[in-house]
Amino acid sequence: MNTLSDEEFEQIYGRKPVRRVKKKKIYWNRIIIALIILIGIITGLVKLTALVVSKIKGDDTQNANKVLNNTSSVAAKEDTSSAEEKKEEPAKYSNMDFTVCVDAGHGDYDGGTTDASGKRYEKDDDLKIALEVQKYLEKYGVNVVMIRVDDSFLELDERCAKANNAKADMYVSLHRNSYDGDISGVEVWVNNSEPAYDTKLAQNILDNLDEVGISANRGVQYGYVGNPNVNYYINADTVMPSCLVELGFITEDIDNKLFDEHLTEYGQAIADGIVQTAIDVGLVDESGKRLMSEQLISPEKPVNNDDSSAADAMTEPMQTDSSADVYNTQENEWY
């Protein structure tokens, strides 16, 4: 079949031919299938990406958790180990068969001295350290007679009578010092007859406190500050070895800081000094077994002998040396 060209058609019919444009067939089913495949591929890629990211994060989290768990485990083991060490740590002394009277100075309406602010009372510090000493002494098996365990008050003669009636082997009175000036440090006061047992007790306590850390070691003192001819009441009327510990100046920031930071250590140091004295003077042996059948008495104290002139001297009105640093303001503590 011959087909006319457009030019030939136009020459014959005087017009241009109208030709049908053959439509291209669209295969929609193929397009849909292709789209479905594409969507599937994209979905798969998204899921794969999410899985990879999740895996990476999961590993990081797992590793982090492992680290945390390991750290916690180590810390727990250390805490347990530390607790076991503390639990298993034996007491320095044990089964100590003797009696000590621990006296927290002042109390109730008698606040003792105060710091510069007037808000820190000696009576409170005295009780704090007394309770710490009690704790360690009882841990060592020592029988402890407490003058007070709360904010109460006993007269000085009542304190001495309580210790004497209990047949205590030693008496330790705990105080804070004061001075309107720049003085700091720890000192321990003993009867002015300078009894050997009392001095040994004071020195052992002072040495142990010094090892813990104090601003200054002011030594063992005899009599009463400013007047060596009189004594603190408890050092005069107790029959057993005794001492009065001035545990730093409440008027000095450095002594207050040390007191607060080392309260527990100070309590143990004083308790250790007491026990060491009991061993040194032959009251008990190293195992705590009592070697003396009777109460420990301080033979050089005038209260334990018939030296009436010495006893009378301690009851005369106190006259302090005005040239000395009369820094202790606890007038009610002298005898």
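Both faces of strand β3 are covered: Met170, Val172, Leu174 and Arg176 are buried on one side, and Tyr171, Ser173, His175 and Asn177 on the other. Buried means under 20% relative accessible area with a 1.4 Å probe, protein chains only. This is a predicted model, in which local features need pLDDT of at least 70, side-chain atom pairs count only at pLDDT 80 or more, and totals for chains, interfaces and linings use all residues. Residues are numbered from 1 along each chain as its sequence is written, and side-chain values use heavy atoms, without hydrogens and water.

**Strand β3 and its partners**
- Eight of the eight residues of β3 (residues 170-177) are buried, so the strand is largely enclosed by the rest of the structure.
- Strands here are DSSP runs of E with at least two residues, and helices are runs of H or I with at least four, numbered from the N terminus.
- Strand β1 (residues 99-104) runs parallel to β3 and is joined to it by five bridges; two strands pair if DSSP finds at least two bridges between them.
- Alanine 104 has leucine 174 of β3 as its bridge partner.
- Strand β6 (residues 242-249) also pairs with β3 in the parallel sense, over six bridges, and serine 173 has leucine 244 as its partner in β6.

**Cysteine 243**
- Cysteine 243 lies in β6 and is buried, with a relative accessible area of 0%.
- Its C-alpha atom is separated by 5.3 Å from that of valine 172, 71 residues apart along the chain.
- Beyond its neighbours within four places in sequence, cysteine 243 contacts (heavy atoms within 4.5 Å) residues including Tyr171, Val188, Leu201 and Ile234.

**Helix α7**
- Asp255, Asn256, Leu258 and Phe259 are buried in α7 (residues 253-261).
- The buried residues of α7 pack against α3 (122-139), β3, β6 and α8 (263-280).

How values were computed: Buried < 20%, exposed > 50% of the residue type's maximum accessible area, 1.4 Å probe, protein only.
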